[in-house]
Amino acid sequence: MFRIFGFPGLLCISALVLPGLVLHAQEHPTPSQARNFAEVTSTGDLVSFLIQLDEASGYVTAERIGTSVQGRSIYGLKLSNGVFGEEARKPRVLIFAQQHGNEQSGKEAILLLASRILSPEYAQLLHQIDLYLIPQLNPDGAMLNLRRNGNEADLNRDHLLLDQPETQALHAVFDAWMFHAALDVHEYYPYGGDWEKGGFRKNSEVTVGTLTNPNISGNVRAFSSQVVVPFMLDFIRKKGYSCMEYLPGGPPPAYPMRYSTFDINDGRQSLGIIGTLSLIQEGMNGEDRLTHNLERRAEGQFTGMLAFLEFIAAHPKKIIRIADKERDRIRKGGRGDSLALHYEHYSDGRTLALPVWSYRSGTDSLVNVSNFLSRVRPTLGVKPPLGYLIPASDSLLLNWCERQALQRFPYRPAARHKIKQSFVHSFQTILFEGDTIPDPVIRESIVDPSLIREGDYWFIPYAQWKGRRLALALEPRSMLGLRTYRQFAYLLGIGSAYPILRVDNR
Ligand SMILES: [Zn+2]
């Protein structure tokens, strides 16, 4: 990462303001705002605008954090009224948007936020938090208003593989600052399809979703779903925007609705699994997925972001404590934890009153959803190991460890270690969010440590802050594991040994 200094030809509104005296009585209009939201902000204008804010305010640092597949710049913006990341009492907060290029309003809202947070009205926020903004993670998709990136990859399914430069850039920033809280901003498209055939569509301007993976401690999940999300929804509603919890699935009654996916390969859960209070916000897209209703969409998303920041600014100690406690627990090896490898959505009997817009009556309405899978539970668990052994000859796996910035050490065999190897006997199938996926039937055998030569393996300890993410990636029966991705399918074959060994203490 490096700073960009002195971009030539920039408009600099308040260049004479000295660092330290940096609040603006007037906000800087964002590029789209300056055009009355008739156009979305282009990547070029976005970068110029961030650099303009940087030059105008000592609270702001714009930095290039990466380059897209097609060579476009990805920018981040640090906001702090001191030195970013230096004050231990301040939670570090990340908001990022436009992983999906055809979801434009999150980016526009982050630009509004970057501008407004410098005005006296919101200035108190930067007394309580340090804020990092990434308005546009997928400039190539944004350019063509397409969901995927320049490699036709869905970035929001790439957070475990980290195969794409855009997601790599995000995680490099995340690892550098170890944010306590994060908000991943999207849009959903309610028009057409099976919903319209059913006669209605979702009609909430802002939706907010929480953590659901059962490996994230119950306290954190409960805090996020029972405290943070209700606060945000109440805040958003009071500002005049319709809102509800983020609920994928449907349309009812044929298809169930549920709180969210539990896969750790998306933005929200990949950060949640490493001890972050991590939420998703989805605004309602325009009918043209571009500029339709853009101002209202951007203001709604801005309001949700503001709700998130207001909550954190009011509870800074609590937010820091939650993240620190989760990360400490993982770093200490998660003793007493059960690592959940399979899960399922299930109903606890509640029905859901879903706010919709009815095509028949042309009015807002409520639909009662009885097929509502409101809970997630583990169906297979193992104890966290001491660590894993990865063959030194497997460059694909080692590259993956590099991309995930995992701690690893050359393995020295030790008599106190109990090393297990798995063999794939056959495959059965299990349900995964409505699909069936293969699940290996495993036979285990103990490996004599004296048969392992120094230099054959790398040892990756579980006891590191990414330990849970690591274990869910490497356990052979993990329904979210690396072996479920095409490039790692070679890890599991009937009759062969799983090349990754599991190490426990005797
Ligand atoms: Zn999205």
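# Questions on this structure

Q: How many C-beta neighbours does N293 have inside 10 Å?
A: N293 counts as partly exposed, the class that lies between buried (20 or more other C-beta atoms within 10 Å of the residue's own) and exposed (12 or fewer), with C-beta atoms placed from the backbone. This is a predicted model, in which local features need pLDDT of at least 70 and side-chain atom pairs count only at pLDDT 80 or more, while totals for chains, interfaces and linings use all residues. Residues are numbered from 1 along each chain as its sequence is written. The number of C-beta neighbours inside 10 Å of N293 is 16.

Q: Where are R289 and N293 placed, given their positive phi values?
A: R289, although not a glycine, has a positive phi of about 55°, and N293, also a residue other than glycine, has phi near 60°. R289 has 18 other C-beta atoms within 10 Å and is therefore partly exposed. Helices (H or I, at least four residues) and strands (E, at least two) are DSSP runs numbered from the N terminus, and in these terms R289 and N293 are found in the loop between strand 11 (277–284) and helix 10 (294–314).

Q: Which strands and helix do the buried residues of helix 6 pack against?
A: Helix 6 (residues 165–177) has 13 residues and reaches 19 Å from its first C-alpha to its last, close to the 18 Å expected, where the expected span is 1.5 Å times one less than the number of residues. The buried residues of this helix are P165, E166, T167, A169, L170, H171, V173 and F174, and just after the helix M178 takes a positive phi of about 45°. The packing partners of these buried residues are strand 2 (60–67), strand 3 (73–79), strand 4 (92–97), strand 5 (130–134) and helix 9 (267–272).

Q: How many of the 12 residues of helix 3 are buried?
A: The end C-alpha atoms of helix 3 (residues 105–116) are 16 Å apart, which agrees with the 16 Å that its 12 residues should span at 1.5 Å a residue. Its buried residues include S105, K107, E108 and a run from A109 through I110, L111, L112 and L113 to A114. Helix 3 is mostly covered, and the number of its buried residues is 11.

Q: Which residues stand opposite F96 in strand 5 and strand 6?
A: R92, L94 and F96 point one way from strand 4, while V93, I95 and A97 point the other way, and all are buried. Strand 4 runs parallel to strand 5, joined by five bridges, and pairs in the parallel sense with strand 6 (residues 181–188) over five bridges; two strands pair if DSSP finds at least two bridges between them. Opposite F96 stand, in strand 5, I134 and, in strand 6, D184.

Q: Which residue is the bridge partner of L431 in strand 20?
A: An open sheet of six strands has the order 18-21-17-22-19-20, with antiparallel pairing. Strand 18 (409–410) and strand 20 (435–447) each have a single partner strand, so one side of each is left without a neighbour in the sheet. Strand 19 (residues 417–432) is joined to strand 20 by 13 bridges, and among these strands the bridge partner of L431 is T436.

Q: Which element gives the largest share of the side of domain 1 that touches domain 2?
A: The domain bounds, which come from an automatic or database domain assignment, divide the protein into domain 1 (2–292), domain 2 (339–377) and domain 3 (385–505). In domain 1, 19 residues are in contact with 21 residues of domain 2, contact meaning that the C-beta atoms, placed from the backbone, lie within 7 Å. Strand 7 and strand 10 (257–258) are the elements that give two or more residues to this side of domain 1. The largest share, three residues, comes from strand 7.

Terms used: Two residues are in contact if their C-beta atoms, placed from the backbone, lie within 7 Å.
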